[in-house]
Amino acid sequence: MTKTIDARGLSCPQPVLMFLEAVKSPEDTQFAVLVDTEASRENVSRAAESQNCRVTDIQETGDEYHLTILRNP
Amino acid sequence: MTKNVLATRTGIIVVGAVIGILAPLLQKLGNPGNMGICVACFERDISGALGFHRAAVVQYLRPEIIGFVLGSLAAALAFKDFRPRTGSAPFVRFVLGVFAMIGALVFLGCPWRALLRLAGGDLNAILGLAGLVFGIWLGTLFLKNGYNLGRTQKTHAAAGLLMPVVMAGFLVLMLIFPQIEGEPKNDILFYSIKGPGAMSAPLLIAICAGLVIGFLAQRSRFCTMGAFRDFILFRQMHLLTGVITLLVVAGITNLVFGQFHMGFEKQPVAHTLHLWNFAGMALAGLAFALAGGCPGRQLFMAGEGDGDAAIFVFGMIVGAGFAHNFGLASSPAGVGPHGIAAVIIGFAVCLAIGFTMRKK
């Protein structure tokens, strides 16, 4: 199941806190994270790697980034 | 999407090292003792240069600060990272800026200067750094409990450019009304003729150092508050690695330049009141954590178009006015006559902000 996290307009560390909160639920294995600064994209990516997850795709549309994150099996 | 080399582990180490070399070098070239760079002190000096306070010993329109903002703008534009945004509780950020400055001036330095003071052998900085970490830890408790100032909105490119334009305007003022040897004022700008405000590296070198640091720090997201916050919240070492590098490299550079003098007593622009070194910086750390960045990082974010960060910066500049007009700022003689009251009020205000501004 994909969990969507809309962290647009929020600055550090909020996007990371939201992702870490979401990753706590073991039933969610895929996450779609929306952010709108490069710093947030980097921070969320770094947090994902620290949580046994991997960023599989980053779509850049306009000023936004859409990150797809998968929990490692 | 190009890979951001400066956002890697190696990148943040390089940035910490560059600041760790440039700051003691700026001190060697004329900046005050253990104050090669101090964002709080330099914004306080800018406040004085503009006449917002009349403490004659701390008035100089520090070019490093101008360079930080313009360097960050250049990096943001070069790497398509310029994102004009604003609207996340601006007045709250202004008030946090005011108390951040008051706390920093009770200690006598921003987090950068706390590191540089320690790197110069000033052991009083240990109390300041401990206070900083304590204040940031308090801030993380609020963050964990839903503290949030709300989302920013995208805004006009011109709105995002305002802060860099203001800083460029300050530079133009400095060129029109330059320092005159032995004169406390040139038309509208104040210039210290003694004290820390009278000690400065040459303008061209100062602005270039500011530009280089601003450029690198924007790309790397270097932030001293974030370093401790991320470690406390996530046990993440990324930014902290840069901060530790700054401390170590600045210490080595000071030893090379003969600027390392270890002890508590007779340190430049410092006092030895341990409790107030701790409490002042704890207040500042809490305010930085609630505002989402140390004073340096706020300048870099302001350069990349963040209007709320710009408001925090001006909160600090106005806070310096309060600090010196009301006798809140410390001096080597000790805390100001109303400094202790201001720290207590600052804590009350920041704690109230943390408790009441939560989103469930």
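**Questions on a predicted two-chain model**

Author: B:Pro84 sits in the loop that joins helix H3 (63-78) to strand S1 (85-86) of chain B; helices (H or I, at least four residues) and strands (E, at least two) are DSSP runs, numbered from the N terminus. This is a predicted model, in which local features need pLDDT of at least 70, side-chain atom pairs count only at pLDDT 80 or more, and totals for chains, interfaces and linings use all residues. Residues are numbered from 1 along each chain as its sequence is written, while chains are lettered from A and ligands numbered from 1 in the order in which they are written.

Reader: Why is B:Pro84 called buried?

Author: A residue is buried if 20 or more other C-beta atoms, placed from the backbone, lie within 10 Å of its own, exposed if 12 or fewer, and partly exposed in between. B:Pro84 has 20 C-beta neighbours inside 10 Å, so B:Pro84 counts as buried.

Reader: Which residues does B:Pro84 touch, not counting those up to four places away in sequence?

Author: Contact requires C-beta atoms, placed from the backbone, within 7 Å. The residues touched include B:Lys154, B:Thr155 and B:Gly305.

Reader: Which elements do the buried residues of H1(B) pack against?

Author: They pack against helix H5 (111-119), helix H8 (203-220) and helix H10 (238-257) of chain B.

Note on methods. Contact = placed C-beta atoms within 7 Å.
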